[in-house]
Amino acid sequence: MPRLGLGDLIGAGPRAVSRYTGTLLAVFVAQSIIAATCMVGVAFVLAQAFAHLPMFDEAVDGDLVALIYCVRYGKPSLVATGGIVLSAVVLWQLASWFLVGGLGGVLARRPEGRGDTARCFGASGATTYLAYARLALCSLPGWLIVLFVFGTGTSLVAPRISRALTVPELLGPLAVALLPALLLLVLLWTVSDYARAELTLRHDTHDPGVIVTYLRTLAYVIRRPVTLVHSALGWLVFALVTAAYAYLAQGHPMYGAEGAVTLFVARQGVALLRMATRVGILAGQIELGRTRPLPPRRVEVKVDPKT
Amino acid sequence: MPKVDGSPALRGGGPPRSPRIANYKIDARLDPIRHQIAASETLTWTNAGQSEVDTLPFHLYLNGFKNEDSLFLRSSHGAVRGAHMSEASWGYLQIESVRVAGADLTGKLHPPVPPPANAADDQSVVELPLAEPVPPGGTVEVTFQYMAQLPEVFARTGYKGDFHLIGQWFPKIGVRVGPPGAERWECQPFHVNTEFFADFGTYDVTLTVPNTHTVAATGVLTNAVDAGGGMRTLTYHAEDVHDFVWMADPYMDVMSGQAKLDDGTVEVRVYYRPEQRDFARRHLDAAVGSIEKFSAMFVPYPWPIMSVIDPPVDAAAGAGGMEYPTLVTTSGDSVFARPGIRLPEYVTVHEVGHNWFQGLLASNEAEEAWLDEGVNEWADARVMAELYGQRASGIDWMGWQAELGALRRAADGGTGDNPSPIATAAYAFVDNAAYGEATYVATMRALQTLEHTVGSQRFAAAMKTYARTFAFRHPTGRDLFGTLGTALGQDLTWFFGPVFHEVGGLELALRHAECRPKHMSRGVFGDGSARKTVTELEAPDSVTWTCEVIVQNTGPLHVPVDLELRFADGSSQHLRWDDRGLGHWERFTLERSSRLVEVWLDPENKIALDNPTTHHHRLEGDGSAALRAGAWFGSFAQTLMQIVGP
């Protein structure tokens, strides 16, 4: 099997997105529905507290003083808002095990036609769901290590940050504080992604164990730095798209209910672009995952006694 | 060798501006390695009262940092404004000898008898019994030899590396207060909430310091000579001040500017480390501007020099943000204080402002801290608005704008939850937070409310009268209230009493607002054969609306309140509710051709004493802003979703 390079991995992204645009959009619609539900829920909670107070309009329009007053006044509503956002994220996390499994299955098996694609998506998502859930548990210690590294780095440079007078004086300590945690984060993210790809690709033939898969993938990712570069590029595009939107949106306040809808729709465009990027990265990971050495076989091979 | 200042200690010279009761001559030598000052001091004190004095009390402020039995460390728990007392560097003031008229009275020094409440083991005050009482009008000369050990900088005095800020460092006599003939000493032990209170006088201070060090001090530099051994001796002279502070640092640069007043100029110097140059420029502009504005608003700055120390960043928490006559320390230098985020400017304006409140109007900061901190806060908000524009006086950055006073009020919250009224002795507050809230922000709120009630120009003129009347004296809260009442030509006890002496704030609220279409009475009318039922058909709704608005104030403070009612046809109606002595609520009933859509209590934000969040109320809810906020939160949630999933 040819050894794939970074270009091959990146190239797999647009191919997959253009071939399975419908699948991508279906996943995106599911996400948008949760986000829209979150939006409506938050709007409802805030309207209960603030619909009669014009000061909240000023706060939303960017009046800092009004914002401080409203935050102080509506603390319970803001706590509820936080709860709604958190619930949406947790819900999506649970759903994503199915959706990523489905996407991975589609990208791995390359079905033709809507019906086959949908069947493949559903079957793969359902088949790997519990394995993905176990993988999430298995990767928890890694995330805790990231938190520890982040906390340690931050506490080490906190005095320097508090005394920084210029932006370079701030960025230096920030880099020292954040870079190790960020690098570790990218490593663990990449390991999780490739472990998922492995679980999807080899589920039917090898039924690999989650812990073994995680550890093998860790070794694999370390041996193949291209996996990390590819993954990091994906996150870079994700961050750039977000930053570009924030930059372009600055100074364009949108008023009224129409403004709210416009705002949400514009942000959906950004979200779609980011999701396409992530699906593209997943496609590259599936491509590379195919070339990995096979895992130990756990599937019982049933032999027909008649044969 | 630094160049001596050619100017007299008072701008334009002239006769003494103050009674000059406590006059000091100090000869001090800094040991920058041990962070010690060896000094001799001669105090010439005049008994300006009408009763004899047989005991002299002295503040030994540095003993506040001597051990954990000090009232200062007990009341602060070793932390002030983010700076923490280092247990490796206690500070203290050790008197080696004290002589009066040639007689050694060192052994006579004793702690106050009886000891102050809650300060039995505190050593920040000592008393010296005199062999001979000082008669009214008489003077006494007291000579001390002492050693001051500086702590690592904490609570605005001490060292950090090579930086030395030397404040509260010499034996300082108390103040005689009270009615003529029945005077008593005011000499409070050093508490975390109490600052200072001292008589005006002259200071002649010689400082022997390493010749590598830049020095800034109260007053003017009158002489500088080489003292040999790598040291130099600098002589400073100050008149009509009530404290003396100095700073020594080998790395400081100086940037200077000129404040132009109606009657001359003031040289403003900012001392800073080279890496803080950009911030020094901002401090200089703020200091120059504030001297000009404060001089115009109150009384002209009387001294020729103002020094602003911008402490090194690692010393800013302990040394920054403190006021002394003609010398203040500032702070706020941070990468986060981008140009337009005016925290550094505000600190400078506030500390410079203290040269009026309490440098010139030398109130008792232990008993009436609000009289300098709070009045100064009120003045700061005005000065910042004049310097940087009303809307942008606090923040003008990346499209965000906020007025300083409004920002302070919003961040502070309301006035109703402080268990102590504003006019509480600084040491008697339940905690430092309550002290800060009442003394600074609540006082500012109160004065802004009164200002808006009586009119800004009239109030400013009255405050100017107060400043001119009590400059170089020791005004009290009573003096301020009396002057304002007289200058404004009205009895303001309805305001000052509850606002300054009672707990609680204003709790304004709209209780009810409703409009109904007006119509002839419906129902059953008449009896017997004349009984008639009038229904909606016979008495239809007219085009006139009957509106009822009920407002309430459940707080103990009562001030006149303006109301603005807005109607669906775009018209509005102004009402005034003066609830002083007339109960806690009012019902307004009116007839209009259009229905009521909004009620706005205090539409011009005159009442700074209440939280205004619910003052503006619309009768029909509008969820569009909530929807926009929801859109933002929804998108934020989606970003998080895309991080955890695809």
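Select helix H10 (residues 256-290) of chain A together with helix H11 (residues 624-644) of chain B: their axes come within 8 Å and cross at roughly 5 degrees. Axes here are lines fitted to C-alpha atoms, for helices over the stretch in contact, and angles run from 0 to 180 degrees between N-to-C directions. H10(A) and H11(B) are therefore roughly parallel to each other, a term for angles under 35 degrees. Helices (H or I, at least four residues) and strands (E, at least two) are DSSP runs, numbered from the N terminus.

This is a predicted model, in which local features need pLDDT of at least 70, side-chain atom pairs count only at pLDDT 80 or more, and totals for chains, interfaces and linings use all residues. Residues are numbered from 1 along each chain as its sequence is written, and chains are lettered from A and ligands numbered from 1 in the order in which they are written.

Next, display the side chains between the two helices. On H10(A), the residues that meet H11(B) include A:Gly256, A:Leu263, A:Phe264 and A:Arg267; on H11(B), those that meet H10(A) include B:Leu627, B:Arg628 and B:Gln638. Contact means that C-beta atoms, placed from the backbone, lie within 7 Å.

Chain A has ten helices and zero strands, and its C-alpha trace spans about 80 × 50 × 35 Å along the principal axes. Of its 307 residues, 38% count as buried (20 or more other C-beta atoms within 10 Å of the residue's own, with C-beta atoms placed from the backbone). Among contacts in chain A between residues at least 6 apart in sequence, 78% join residues at least 24 apart.

Turn to chain B, which is divided into domain 1 (21-199) and domain 2 (508-621); these bounds come from an automatic or database domain assignment. The domain centres, taken over C-alpha atoms, are separated by 62 Å.

Select the open sheet of chain B, where eight strands follow the order E7-E6-E9-E2-E1-E15-E18-E17 with mixed pairing. Strands pair if DSSP finds at least two bridges between them. At the edges are E7 (103-104) and E17 (220-228) of chain B, each pairing on one side only. Within the sheet, six bridges join E1 (residues 22-31) of chain B to E15 (residues 201-210) of chain B, and the two run parallel. B:Arg29 stands opposite B:Thr208 in E15(B).

Finally, move to E31 (residues 560-567) and E32 (residues 572-578) of chain B, antiparallel strands joined by seven bridges. B:Leu565 has B:Gln573 in E32(B) as its bridge partner. The hairpin of E31(B) and E32(B) has four residues between the strands, and B:Gly570 takes a positive phi near 90 degrees.

Methods. A residue is buried if 20 or more other C-beta atoms lie within 10 Å of its own, exposed if 12 or fewer, and partly exposed in between; C-beta atoms are placed from the backbone. Angles under 35 degrees count as roughly parallel, over 145 as roughly antiparallel, 65 to 115 as roughly perpendicular and the rest as oblique.
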